[in-house]
Amino acid sequence: MGWEVKIPTPSTSLRADSAAKNAARMGHPCLFAALLLGFRGRVCDNSAAKLTAKKGIGMKALRRVFRAGMILITFASTVLVLSGCGAEVLPAGAIGNIGTYNYSPSVIQTGNTRQLWWCSQGVNPGDASVKTDAIYYEKIDLSTKESYGPVLALNETPGAWDSYYTCNPKVIGGVFENPLGDGQTYQYAMYYVATAVNGFDNSIGVAFSNDGVKWKKYPKPVIPSTSQTGYGVGQPSLYNADHKSAISMYYEDWSPMQHVAAVSTDGVHFKVQGTLTSNGLDPDDPQATWGDMAYDSKEGVWYAVFNRPTRAASTTGGVVEPGQYGIELYKIPQAALLTGASPWQQLATVDTNATGFESNFIAAFVHDAYGNLNVASYPTIQMYTSVSYPAPSWDAAPAEAGYSGRVQSWILLPMEWAPGASAQVAFNRYFNGHVHDVTTGWTSPDAGFQLEQLLGHIYANPLSGATVPFYGCKAGSADYFVSLDVGCEGQRMLGKNGYGYSQPVAGLNLIALYRCSTGQDHFVSKDPKCEGQRTDELLGYVVP
């Protein structure tokens, strides 16, 4: 079936923030979490304000389904509108604190109980006038749909090594005996990223808990920073091999960017084993950052979700987008994780081209208390992804689109990937009477696009010799076009449609596709003369 994103399509008014938040690394996630519970809103302090259901939309579930390669995106929710002040509502199933940023989650599921920790904004205990990154918690009963939270779980310690930020939590279960020297045994360990300096010199620390809400910190970093002038280390992922305290940690070291493996027998003292292979990762971003990694103990493979790059500000009207535009899901055999004897296998891509959201980044897997993926609807892989919400309008100018990705728009949305999906996806041409959109993914329901032609099928991932990526791009407000250039020829990147062939292949009845220009917009055609319009270039070949 591919990815499944369940979300509503209303507008959300969230206040702007001036900070780019250290390229989205140091922290912000927290909102409302009640899976498929509907909505949560906060009415502003305005006696004239009233909550109303938008006629024909509100109080009634909308359902829009788009297929994009191995991606199935389903929009379903209640749409509510606030009159008299800005609306602050969340999609069904979304997690986070309303009105501020939410990202970098950690998710544990035990039976029907799902626990989430993430980075959002809180008051710094060292200075009540300053709001900085803090870690929040929410618990959901999937059977009753009842939830507890969000509540503050962890924040800075004044005067300590983590006095400026606390973010990027990852929580693991186990039996941790006396790690703090207080004679206590703890059920949970939270590894988090923090610093005493704004945006630099980050280290990884640990705190322990028996309920997931109240935590006691180990006083020193367990993975110290590797650079006092650079980012340092961060974004840990965890696995507990013996269900006690044999912790394997995989984390990012930005000096230079690499993913490091380290092990511990007590959850506090770690020894580095080596670095993870990059063999098989997308060649257009071989040093990609990630959101999470988790283990499939039945198949003996690791799954990881890496980030695509951020957009250049020159393509978004000068607006600096702190969140990346997409994520890619991979897997690799356990034996090859450090050696690279077998490459990472790309499984799916989720980006603006697939969802419509400007930012899609730092996802976290739903796993059991020890880091195993064999929970919930396995073999379907579930996760929560940080996205900017809502999506910009279909004809948004570059700066408008860039602004829609501001940190205050970040929420956490559930997604799914199921194995066994078709490798090929439809490459469709749409037209709304004014401009075209050629895509395998999302088209705005407000744009009036109608299917004009099925151009053929391309592969969702590199496969069977189809290795030429077809990128979805946008110039100005409404010129959607397909490009072979990873930089979208200097225009705004939407994402990856899939992969085609660079030349004809014997035995395959391939179709040549051409990019065309009308002078107002672009489209793709099977006709080398572009149906009387100007031919820009041969894009490649696709299957019928």
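Strand 8 (residues 131-141) and strand 9 run antiparallel to each other and are joined by five bridges. Strands here are DSSP runs of E with at least two residues, numbered from the N terminus, and two of them count as a pair if DSSP finds at least two bridges between them. Keep in mind that this is a predicted model, where local features need pLDDT of at least 70, side-chain atom pairs count only at pLDDT 80 or more, and totals for chains, interfaces and linings use all residues. Residues are numbered from 1 along each chain as its sequence is written, and side-chain values use heavy atoms, with hydrogens and water left out.

**The strand 8 and strand 9 hairpin**

- Look for Y137 first: its opposite number in strand 9 is V151.
- Five residues sit between strand 8 and strand 9 in this hairpin, and K145 in the turn has a positive phi of about 70°.

- Over by strand 24, you'll find strand 23 (residues 381-388) pairing with it in the antiparallel sense, over eight bridges.
- Y384 has P414 in strand 24 as its bridge partner.
- A handy rule for looking at any of this: in a regular strand, side chains alternate between the two faces of the sheet.

- Strand 11 (residues 185-195) is mostly covered, with nine of its 11 residues buried (buried means under 20% relative accessible area, exposed over 50%, partly exposed in between, using a 1.4 Å probe and protein chains only).
- Strand 10 (residues 165-177) pairs with strand 11 in the antiparallel sense over nine bridges, and C167 has V193 in strand 11 as its bridge partner.

**Strands 18 and 19**

- Strand 18 (residues 290-296) is mostly covered too: seven of its seven residues are buried.
- Its antiparallel pairing with strand 19 (residues 301-307) spans six bridges, and A294 stands opposite Y303 in strand 19.
- Strand 18 and strand 19 make a hairpin with four residues between them, and G300 in the turn has a positive phi of about 70°.
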